[in-house]
Amino acid sequence: MEKREVEVKELPPLPNAEKYKVVRTRFAPNPDFVLTLGNARPAVLSYEYAVKYNGNFILRFEDTDPKTKPPILEAYNLIREDLKWLGIKWDLEVIQSKRMEIYYEYAEKLIELRGAYVCTCSRKEFKALRDSMKPCPHREHTVSENKALWNRMLMSDFNEGEAVLRVKTDLNHPDPSIRDWVAFRIIDTERHPHPLTGSKYVVWPTYNFACGIDDHLLEITHILRAKEHVQNTVKQTYLYKHFSWNYPTAIHFGRLKFSDFILSKSKIRRFLEENPQEFEGYDDVRFGTLRALRRRGIQPEAIRQIMIEVGIKPSEATISMKNIAAANRKLLDPIAPRLMFVESPVKVLVKNLDSIRANIPLHPSNTSLGSRSYVLEKINGTLELYISFNDVPLFKENKLVRLMGLMNVAPIRVSEDVVVVEFKGVDVHEARKAGAPIIQWCPPGSLKAIIKKPEGLVLREINGIIEPYVEKIGVDSVVQLIRFGFARIEKYDNGAVIIYYGHN
RNA sequence: GCUCCCGUGGUGUAGACCGGCCAAGCAUUCCGGCCUUUCGAGCCGGAGAACCCGGGUUCAAAUCCCGGCGGGAGCACCA
């Protein structure tokens, strides 16, 4: 049969892989949203490198900001589902909000190492000093003074904004944000409760502290993340210096732009909030979330292949739906059943025929998919079937038209709402010889079909009918609608079929 | 504005660290042919980049150096 070796690009070697006994990577999302196409790169690459080197892969939820990026309770599980869908398995799962005591412990160690101090400057005051590369008065506090203040922070003696723990760095560092960056701040969790820990904690580690500590404690060897994190690497390196730890190998890849997709969390949130009846949720097919792609029939393997191909280069890259469709088509073509969908159906009357039976394979070459049969018979004296409005002109232009898998017909009379034809035989070869167009059709008794197709911000509905066999195919299947495109069956809804369009 | 990073056909990627075999490979895209149940897949053929620009080093540069231009990221008590 058909042999198709899809060449999948291999990952380039991982820098420094040989320096570690076992390669260990992690993917560290904030559970404040579902995963988008943008998250797929760090997730897939981190996982694939762990697999390639027989290492470990860790899923770490970074949920240490209940205020400005509040985690969402459902998101933890939605992310787990998204990863599973991508085929990613993790050896260990860690949730940062459950490790608060660990961070406190290391904060105290850092204070003892004179690597951190409690600062009670106002933001404004500190910024003024920082920008002129001057230390703030708290920087010279003794260990015991700092410890006392730190304990007061933990005891809720300070309100939001009144005290932070700062990591000592280089006050002359050219990037001001790096100078004595904040490791812990106070968040009023009475007002902003954390979905997992409620109001239990008020002193919260920042990303750089929690991430830095965890990457070390979890023995991460390679950090693969987007280049927006390069300054964070610099910040965290100071932490590692204080503790005399070795910083993992960090790889920062360039931004991936996805044309044709709405990826921005904030944009999607806004659409959902402002227009809840127009948008269907995180998985609305107009969005670039993984679950939206799944709903359009995109195979996770297609995403995996694209991420591997894009790799870890530091330059930006743009991926379009065409790229994704191409990868998906290769995967789907050998296995997707072919069905006939007829947009805006027009009745065809066949004059000189009493009955005909069609047995059509569900796939031109993959015989394991089987076939379906339809018997067409005269109803009230005529034999009828349906074709698409779009194909009616073909009957004006051609002497012979082939109805795929069924028969060849010649037009007798063609109007906008009915096409009368004459049966001319069943042989494909005759049709080919005559150069007849081959079109899809639907028998009487076909189901109403609504195809929802994302076009930018519009979800276009294409109405038509689909052959009855669609009921046997089952919800969630991805099919190829002949001469139309790949699509996924969403649901059967009172005799109608709702289908989401994927790509051509 | 400051700091850092990047620049190979429409898109993605290989080659660049260790200059020559690179008038640049592969995939996708587009076009044509064959084949086919299809506007898909497969097969065959074709189009499309002188490797951002300028200069330098060299017998030799996509590959090294300098300058320019262009693009991106960061400059939070966000992650």
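What follows is a walk through a predicted model, from its confidence to its domains, sheets and RNA contacts.

Residues are numbered from 1 along each chain as its sequence is written, while chains are lettered from A and ligands numbered from 1 in the order in which they are written. In this predicted model, local features need pLDDT of at least 70 and side-chain atom pairs count only at pLDDT 80 or more, whereas totals for chains, interfaces and linings use all residues.

Start with confidence. pLDDT is the predictor's confidence in each residue, from 0 to 100. Chain A has a mean of 93, and 98% of its residues reach 70 or more. The model scores ipTM 0.92 and pTM 0.93. Residues 1-7 stay under 50. That stretch has five contacts beyond four places in sequence (a contact puts two C-beta atoms, placed from the backbone, within 7 Å). Where pLDDT is low, the predicted coordinates should not be read in detail.

Next, the domains. Chain A splits into domain 1 (100-205) and domain 2 (335-504), with bounds from an automatic or database domain assignment. Their centres, taken over C-alpha atoms, lie 68 Å apart.

Now the sheets. Helices (H or I, at least four residues) and strands (E, at least two) are DSSP runs, numbered from the N terminus. Two strands pair if DSSP finds at least two bridges between them. An open, antiparallel sheet has four strands in the order S4-S5-S6-S7. Its edge strands are S4 (116-119) and S7 (203-205), each pairing on one side only. The twist averages 20° from one strand to the next. Four bridges link S4 to S5 (residues 164-167), and cysteine 119 stands opposite valine 164 in S5. Helix H3 (residues 100-112) lies across S4, S5, S6 and S7, at about 100° to S4. Axes here are lines fitted to C-alpha atoms, for helices over the stretch in contact, and angles run from 0 to 180 degrees between N-to-C directions.

A second open sheet has eight strands, ordered S15-S16-S17-S14-S20-S19-S18-S21, with mixed pairing. S15 and S21 (438-439) each have a single partner strand, so one side of each is left without a neighbour in the sheet. S18 (residues 401-403) and S21 run parallel, joined by two bridges. There, arginine 402 has isoleucine 438 of S21 as its bridge partner.

Finally, the RNA. A residue is near a strand if its C-beta atom, placed from the backbone, lies within 6 Å of it. Of the 60 residues around RNA strand B, Glu62, Arg185, Tyr207, Ser315 and Arg483 come nearest. The largest share of this surface, five residues, comes from H11. Among the other elements supplying at least two residues each are strand S6 (182-186) and helix H7 (230-243). By class, the surface has 21 nonpolar, 20 polar and 19 charged residues. Ala, Val, Leu, Ile, Met, Phe, Trp, Tyr, Cys and Pro count as nonpolar, Asp, Glu, Lys and Arg as charged, and the others, Gly among them, as polar.
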